[in-house]
Amino acid sequence: MNEVISRIDQMAGTGVAFMENMIVLIITIVIGLIIGLFGLKLARVWAAFVGFILGAAAGGGIAHVAGLTDMAFAGAMLGGAVLLAVLACIFYKVGIFFFILFIVAGLFMAVLQTDSLLFLGIGLAIGLVIAIITVKAFDPLVIIVTSIDGGLMAGSAIVSLIRLRDNMIVAVAVPLVLIAICACIQFIMRSRQVGKKQVEKAGKHRQQASRETEVEQARMLLDGDDYDEEDGFLDEDDYDEEEEFLDDDLEDSYFDGDDLEDDDDFQIIE
């Protein structure tokens, strides 16, 4: 009877461990896909996450040096974490610099499957170089690094979940396929975003050009009116008014009957 109970407990423990392992693998797959598919779009999130970790470590170190304990120690860690997370979110390119540094070093160690300090230093050196290059080519390198990291994370978890880790072909092919899919999707999303920005910029440029054209046409019309007035050229209406004025003067000056009768040099012959 005791043997049966022990076997049941063992099976129950195995089932619980299996469920816990499955939940962990599923969470790993989800996180890996989020990193691989939305690495560039969530750049501020990754920067804030790195800032939170570094801030907590810095706050803990300062609290330890200051001799703080218990709640004061926890408060210093939390304060440092929140402060650096906010700063890293605002200056997200600085946060991404450290994010790329740690990701590349972690990938290097994961691929080699070693915990040697020598290889850790090499991984950090490689990560530092790539992080520096990322400052110049931000979008492409963030897409590539996050696609590799997310695809490798999700692919390895999928292989473990379906229990094919011993199959070398599957263990290599699944992560590679996911890396390629994640990179393609991210580059497609980036190209669409760039295209949308170019269309908006072209629309603004056309509006500005149209506005400048209208202003130039209005200026030309005003310059034309000023030219007519300054050079003495008469419009058609002004010409008609001047002609009528001259006709009235002629009638008043030369064809007034009273003036002709009073003129001695001009006598009417009866």
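Student: Where does Arg-163 lie, and what makes Arg-163 count as buried or exposed?

Tutor: Arg-163 lies in the loop between H6 and H7. Helices here are DSSP runs of H or I with at least four residues, strands are runs of E with at least two, and both are numbered from the N terminus. As for exposure, a residue is buried under 20% relative accessible area, exposed over 50% and partly exposed in between, using a 1.4 Å probe and protein chains only. Arg-163 has 61% relative accessibility, so it counts as exposed.

Student: Good to know! What kind of model is this?

Tutor: It is a predicted model, in which local features need pLDDT of at least 70 and side-chain atom pairs count only at pLDDT 80 or more, while totals for chains, interfaces and linings use all residues. Residues are numbered from 1 along each chain as its sequence is written, and side-chain values use heavy atoms, with hydrogens and water left out.

Student: What makes the phi of Arg-163 worth a remark?

Tutor: Most residues other than glycine have a negative phi. In Arg-163, phi is positive, near 60 degrees. Asp-70 also has a positive phi, about 55 degrees, although it is not a glycine.

Student: Where does Asp-70 lie, and why is Asp-70 called buried or exposed?

Tutor: Asp-70 lies in helix H3. Its relative accessible area is 66%, so it belongs with the exposed residues.

Student: Which residues of H3 are buried, and how do you know where they sit around the helix?

Tutor: Gly-80, Ala-81, Ala-85 and Ala-88 are buried in H3. The arc to look at is that of the directions from the helix axis to the C-beta atoms. Seen down the axis of H3, the buried residues fall within 130 degrees, so they line one face of the helix. These buried residues pack against H2 and H4, whereas the face turned away from the buried side carries the exposed residues Met-71, Leu-83 and Ile-90.

Student: How do H2 and H3 pack, and what is the handedness of their crossing?

Tutor: Helix H2 (residues 43-66) and helix H3 (residues 70-90) pack at about 150 degrees, with axes 6 Å apart. Axes are lines fitted to C-alpha atoms, for helices over the stretch in contact, and angles run from 0 to 180 degrees between N-to-C directions. The crossing is right-handed. By class, the contact of H2 with H3 has 16 nonpolar, six polar and one charged residues.

Student: What makes Thr-134 buried or exposed?

Tutor: Thr-134 has a relative accessible area of 2%, so it is buried. It is found in helix H5 and, beyond its neighbours within four places in sequence, is in contact with Ile-96, Ile-100, Leu-141 and Val-142.

Student: Which other residues of H5 are buried besides Thr-134, and how do you know where they sit around the helix?

Tutor: Gly-123, Gly-127 and Ala-131 are among the buried residues of H5, along with Thr-134. Down the axis of H5, the buried residues fall within an arc of 75 degrees, so they line one face of the helix. What covers them includes helix H4 (92-112) and helix H6 (138-161). On the face turned away from the buried side are the exposed residues Leu-118 and Lys-136.

Student: And how many helices and strands are there in the protein?

Tutor: Nine helices and zero strands. Of the 270 residues in the protein, 22% are buried.

Key: Left-handed = near helix turned anticlockwise from the far one by under 90°. Nonpolar A, V, L, I, M, F, W, Y, C, P; charged D, E, K, R; others polar. Contact = heavy atoms within 4.5 Å.
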